[in-house]
Amino acid sequence: MVPTLEFKSGALLLLDQRVLPHTVTFVSVQTARACAEAIRDMAVRGAPAIGCAAAYGLALGAFEAAREGSAEAQEGVFQAAHEVLANSRPTAVNLRWALERLSKLRARLVVEGMPAGQIAERLLAEAHAVTEEDLASCKAIGQHGAPLVPDGKGILTHCNAGGLATAGYGTALGVVRAVVASGKQCPVFADETRPWLQGARLTTWELLQDGIPVTLLPDVAAPSLLRSGKIGCVIVGADRIAANGDVANKVGTYGVALAAHAHGVPVMVAAPWSTIDLRAKDGRDIPIEERPSTEVTHVGKARIAAEGVSVFNPAFDVTPAALVSYIVTERGVARAPFSDSLAAQGRLG
Ligand code: MRU
């Protein structure tokens, strides 16, 4: 598969997800600020991939800091890099997690007296580690999740929680890949995911690239598909999971989960541990990003809505824990009551 992100010759190369599937091109990022812009503008998207990109972005910030003369100036440049990255997208907690991981490491190295240039190299190595660990987590999630998926029935997914949204392999689509590899017969259905069309543009592209057949449906068709009895499991990713198991994911997930619950279809949430936010008690503690109105008023460059209309465009919604059957991380399968099962997985770290 085409890599989602790659660090080469001093630059972070991001597969530009704004122009997929028609154009495969990379954005080259050489500063923390450029990385933050690429995250905000969704050249790279998906919570784990955002975390990996932010780690590289902060490493780039450390190289920028190392070019300053005084320790004070170095600190200022690094903290500005941290801030601009932290503010790029608010919901995916993997962003904060990755920035905190690298910042804590830097603080320790500064106290130890390591020169700024070496610190930057060390942070770059840490960004590589974040990325490699994410790939390994996705594979483990696939192994834990696949046995829970009933053979002979379909899988419905929403948004893109695939290789494109992670360092590779995917979370929800990681489970799909593991299901396919296990030989189970589970046709895959993908919601188109208005308004940004991650399902139509990204999920279908990445599955077809892998030779996995997929049926695309408009979001509004999901409830009747779930009622039809064709679906054995809904599998989605997450942007942040609170301590009680409330799940923030792409807007529309809540509606899919409600319909699944009404028709007795289990809902699996697949995410790396870096998406669990035990500091958020429940969904009310999760900030929900609102995105530009043009994402709703326009399709591509073409305006479809009347001039002057006001728009509500939350990028995510919160699915209450009561609608979630399993939360699958690299640490295993959590079931209700999630406050206990997630706390137990937390102790494994
Ligand atoms: O706005 P996006 O495209 O970044 O939203 C992505 C999602 O909501 C994904 O489902 C989630 O990040 C999980 S990705 C493994």
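How many residues surround the ligand, and which are the closest? The ligand is surrounded by 19 residues, and the closest are Arg 89, Gln 198, Asp 239, Asn 249 and Lys 250, where a residue is near a molecule if one of its heavy atoms lies within 4 Å of it. This is a predicted model, in which local features need pLDDT of at least 70 and side-chain atom pairs count only at pLDDT 80 or more, while totals for chains, interfaces and linings use all residues. Residues are numbered from 1 along each chain as its sequence is written, and side-chain values use heavy atoms, with hydrogens and water left out.

**Ligand contacts**

The table lists polar contacts, each being a pair of N or O atoms within 3.5 Å.

| Residue | Protein atom | Distance to an oxygen atom of the ligand |
|---|---|---|
| Arg 45 | polar side-chain atom | 2.8 Å |
| Gly 46 | backbone N or O atom | 2.9 Å |
| Arg 89 | side-chain N or O atom | 2.8 Å |

On its own the ligand has 410 Å² of accessible area, and the protein covers 100% of that area; accessible areas come from the Shrake-Rupley method with a 1.4 Å probe.

**Cavities**

A search of the whole structure finds two cavities of 30 Å³ or more. On a 1 Å grid over the protein atoms alone, a cavity is a set of points where a 1.4 Å probe fits but cannot get out, and its lining residues have an atom within 4 Å of a point. Grid points are joined across faces, edges and corners, and a volume is the space filled by probe spheres set on the points.

The largest cavity has a volume of about 170 Å³ and is lined by 24 residues, of which Gly 46, Ala 47, Asn 160, Asp 239 and Asn 249 lie nearest its centre. Two or more residues of this lining come from each of the elements α2 (47–66) and β9 (247–250), helices (H or I, at least four residues) and strands (E, at least two) being DSSP runs numbered from the N terminus. Domain 1 (5–139) and domain 2 (141–346) each give at least three residues to the lining of the largest cavity, the domain bounds coming from an automatic or database domain assignment. By residue class, the lining of the largest cavity holds eleven nonpolar, nine polar and four charged residues; Ala, Val, Leu, Ile, Met, Phe, Trp, Tyr, Cys and Pro count as nonpolar, Asp, Glu, Lys and Arg as charged, and the others, Gly among them, as polar.

The second largest cavity holds about 50 Å³ of space, and its lining includes Met 42, Pro 195, Trp 196, Lys 250 and Arg 291. Its lining residues divide into five nonpolar, two polar and three charged.

**Backbone geometry**

Most residues other than glycine have a negative phi, and most peptide bonds are trans. The peptide bond joining Arg 194 and Pro 195 is cis, with omega about 0°, and Pro 195 is placed in the loop between β5 (188–191) and α7 (198–209). That loop between β5 and α7 also holds Thr 193, a residue that is not a glycine but has a positive phi of about 70°. Another cis peptide bond runs from Leu 20 to Pro 21, with omega near 5°, and Pro 21 lies in the loop between β2 (11–15) and β3 (26–29). Tyr 169, likewise not a glycine, has a positive phi of about 75° and is placed in the loop between β4 (154–157) and α6 (172–181).

Conventions: On a 1 Å grid over the protein atoms alone, a cavity is a set of points where a 1.4 Å probe fits but cannot get out, and a pocket is an open set with protein on both sides within 12 Å along at least five of seven lines; lining residues have an atom within 4 Å of a point. A polar contact is a pair of N or O atoms within 3.5 Å; within protein, one must be able to donate a hydrogen and the other to accept it, and residues adjacent in sequence count only if both atoms are side-chain atoms.
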